[in-house]
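Here are my notes on the model you sent.

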Amino acid sequence: MKRKEAVIRFSALSVCLVLFLSFSSHAGPVRVGVLVHLTGDLSEFGQMQRKSMMIALENIRKREADSISIVPVFRDTPADPGKVRAVVNDLVSTKGVSIITAGMTSTTAWVAASQAQSLGIPFLICTASADKITEQGWKYVFRLNPPFSEYGNAMLWFLSEIARPKTVAILREEGFSGLLSSDNLSERCQKSGYEIVLNYLYKKDTKDFEPVLNKIKKKNPDVIAMGAFLNSAVRLIRQCRELRVTPRIFMGLGGGFTLPQFGELCGNAADFVCSITIWHPSVPYPGGRQYYDTYLERYHCHPDYHGAEAYAAMQVVADVLERTPSLDPEDIRASLLATDMTTIIGRVKFVSYGNKMQQNRLPTYLLQWEGGRMSLVWPPDLASRKYVYPFPGWKRRPAEQE
Amino acid sequence: MESSAPGAWIFRQFQDILIIMGFSLALAVSANTIRHDPLPWVAERRLLEPGDRFPYFPLASSEIPEFRDYLGLPPDKEIITVADIQADLLVVEILNVFCFPCQTQALTLNRVWKIIEHRPDLKGKIKIIGIALGNTKEMVRDFSTDYGLSFPVFSDADARSEKIIGPGIHTPFSLYIRRDGSGRLTVVAGTHSGVIEDPGLLLKTLTRLLPEEERPASDIRNGEAGSR
C-alpha cells in the first residue's frame, strides 16, 4: 500500500515539475532562429526580410503588451550546404532556439530543412519555393509561401477563363528569376492549348528592342508575357508604344512591372499593363498597407513580397508561441499544425494536398496599371476594380515628353 | 429535234445546280426545325437556378475511364450527359484548375467524397463530378493528380459551360442535380457560388437535397426532413 502511495506521490510531483518547467521556460524570452541571406548577392532580400521581421515584432509588442517575448537570433545563410548544416546545428545546440524560420533560396532551404528535420526542430519556410521541399514527408517542416508551381495561377486562371488566347509571345531578360520561369510558362501555355509564337531571351543590357518587337508585331500574338527587371520593363513598354505593338494583353511576370517606378517612368504607356504578383500592399489583408508604409518611411525603399513573407512568418511564429503549451518541439509542431490565422499575406493554415504536406495555400494575384496606379484586378473576389481587357490600344495616349 | 418548254430547257441546263440548291434548302430548313430553342435562362441572361431543368451537356466518358463504374455509366457510351449518371443527387462543380477558390473547393469535395464513400447510407446516392471551364484535358489530368482528386473532372476547353449554365458564370459554381419523375438527373435542386470550406456543412446541404425516402435516418430524426 505504502509503495503504491509513494508511486502516486512521485508521479504527481513529476507532473507538477514538468508543468512548472514547461511554464517557466515558456514564460521567459523565447529564442527564434532566423536564417536569411545577410551578405552576398542576395543580401538585398535578406536585409529586407530582417528589417521586415523586426517591424513585425515591434507591431506585435505594441498590440499585445503582455505577449510572449521573442528574441530573434539572425544568422547569415552561407551558400555552402555543409556550412548551412553547421549554422542550423549551432542555432539549436548553442543558441537554444525553439523554432527556426527561414527566408532563403530553395537550394539552401532544402539543406537547412533536412537538417532541422533530423534534429527534430520546427522549421518554418517563408520564401523558398521549390515544390519538392514540402513533398518529402518532413514532419517538422512547414511552408508559408506558395510553391513555385502555383505562382502563375492567377494569370493562367485569367487567361483560361476570361482572355482565352490562342497565341503567346514570351520575352525574358537574362538572369531574371521572377515568379515564373519561361520554361514553366511555356509548358503551361502549351498544355493550356496556347501556341507559343516566340520565346526570346534577351541580354540584360539590351537597349533596343525594335528588331524583336517588329517580329512580334508581325506574329500579332494575343498575349505578350515579359520577364524583366525595371529598366528593361520600362524600355519594352515604351518601345511597344512607339511601334504600336498591340496584343490583347501585356503580361508582366513580376520583377520590374510591379515596382512603383515602372508607372512613374512609363507614364501613361503603363496603362493597362498587367503583372502577376504574390503580394502587393493593395491586397486586402489587415496590416499589409501599414507594414508597407512603415517600411517605406523608415528605409526609403519599397518592400516587395520577400519582405511581406518575412513579416508574416514572424506573425505566425508569435501566434504559435502564444498558443503552444510548452516549448517542446512536439508541442510547437502541434501548434503549427493547428494554425489558422490571417497575416498580411493572407490566411495561414498548413494543409496536405496531393504530394504536399504542411503547406500553406495562398492565392496569387493579377495587378493592372491605370492612371499611374496599380490595382488588384484578379481574382474577382479580392479585386479593387474590374480589369480592362482587351488592351484598348495606344490611339488616345500620345507619347509624353520623356 | 425534240421540242420542249423553256422551263424544261432551263431545268436540264442547270439540273445539277438546282438539285444542290434544293438539297441545301432542305438541309437548312430541317436544321432550323430541329435546332433547340434558346435555353430560357440564357435568353434571360441569368444562370441556372433551382427548379430549372439541367440541359443536355455532352461530356466525353473517355476522359475519365477509371470513374465509369463510380458514375454507373453504360459501358460503351462515349458521349454521356449528366442524366446518364446513376445517383439520387449529383454535385456538378464548375471549376477552373488555376482558380484558388476552386482548388480549395476541390479539396473540400474530396473530403466530402471520402465521407460519402464510407457511409453505407449515402454511398451511391450522392455523387460528384467536376467540369473544368476553359481548361484542356491535359491541364485537368495534372490538376486531378496534383490535388489527389477522388472524383472525376471533365475538361470544358471550349467553355460550353457559359452557353449552357448561363452567361457571366464565375468559378467556382456548384449545381446540385436531382432526379425527375422518370428517374433521370435533370432537376436543378440547388446552386452555390463560391467556396464552402466546411465538408460537414456541405454534406448537410447535400443530404437535405436528397429525396425524402433516400435521406439518412439520422437527418430525418433531427427534424431536417422537408427542408430545402
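At what angle do helix H11 (residues 305–323) of chain A and helix H12 (residues 329–337) of chain A pack, and how far apart are their axes?

1. The model is predicted. In it, H11 and H12 of chain A pack at an angle of about 120°, and their axes are 9 Å apart. That angle makes H11(A) oblique to H12(A), since the perpendicular class runs from 65 to 115 degrees and the antiparallel class starts over 145. The crossing of H11(A) past H12(A) is right-handed.

2. As to the residues involved, H11(A) contributes Val316(A), Val320(A), Leu321(A) and Arg323(A), which meet Ile332(A), Ser335(A) and Leu336(A) of H12(A). Sorted by class, this contact of H11(A) with H12(A) has five nonpolar residues, one polar and one charged.

3. The second pair is helix H2 (residues 43–63) of chain A with helix H10 (residues 288–299) of chain A, whose axes come within 11 Å and cross at roughly 120°. H2(A) and H10(A) are therefore oblique to each other. Their crossing is right-handed.

4. On the H2(A) side of that contact are Met48(A), Lys51(A), Ser52(A), Ile55(A), Glu58(A) and Asn59(A); they meet Gln290(A), Tyr291(A), Thr294(A), Tyr295(A), Arg298(A) and Tyr299(A) in H10(A). By class, the contact of H2(A) with H10(A) has five nonpolar, four polar and three charged residues.

5. Turning to chain B, nine helices and seven strands are assigned. Of the 228 residues in chain B, 48% are buried. Among contacts in chain B between residues at least 6 apart in sequence, those joining residues at least 24 apart account for 64%. Chain B exposes about 11,700 Å², and 57% of that area is supplied by carbon and sulfur atoms.

6. Is Asn135(B) buried or exposed? Asn135(B) lies in the loop between strand E4 (126–133) and helix H6 (137–146) of chain B. Its relative accessibility is 1%, so Asn135(B) counts as buried, the cut-off being under 20%. Leaving aside residues up to four places away in sequence, Asn135(B) touches Ser160(A) as well as Leu95(B), Asn96(B), Val97(B), Phe98(B), Val140(B), Ser155(B), Asp156(B) and Ala157(B).

7. Gly51(B) is also a loop residue, placed between helix H3 (40–43) and strand E1 (59–60) of chain B. With a relative accessible area of 63%, Gly51(B) is exposed, as the limit for that class is over 50%. Gly51(B) and Thr186(B) are 135 residues apart in sequence, and the distance from C-alpha to C-alpha is 9.7 Å.

Note on methods: Residues are numbered from 1 along each chain as its sequence is written. Chains are lettered from A and ligands numbered from 1 in the order in which they are written. This is a predicted model: local features need pLDDT of at least 70, side-chain atom pairs count only at pLDDT 80 or more; totals for chains, interfaces and linings use all residues. Side-chain values use heavy atoms; hydrogens and water are left out. Helices (H or I, at least four residues) and strands (E, at least two) are DSSP runs, numbered from the N terminus. Buried means under 20% relative accessible area, exposed over 50%, partly exposed in between (1.4 Å probe, protein chains only). Contact means heavy atoms within 4.5 Å. Accessible areas come from the Shrake-Rupley method with a 1.4 Å probe; for residues, only the protein chains shown count as cover. Axes are lines fitted to C-alpha atoms, for helices over the stretch in contact, and angles run from 0 to 180 degrees between N-to-C directions. Angles under 35 degrees count as roughly parallel, over 145 as roughly antiparallel, 65 to 115 as roughly perpendicular and the rest as oblique. A crossing is left-handed if the near helix is turned anticlockwise from the far one by less than a right angle, and right-handed if clockwise. Ala, Val, Leu, Ile, Met, Phe, Trp, Tyr, Cys and Pro count as nonpolar, Asp, Glu, Lys and Arg as charged, and the others, Gly among them, as polar.
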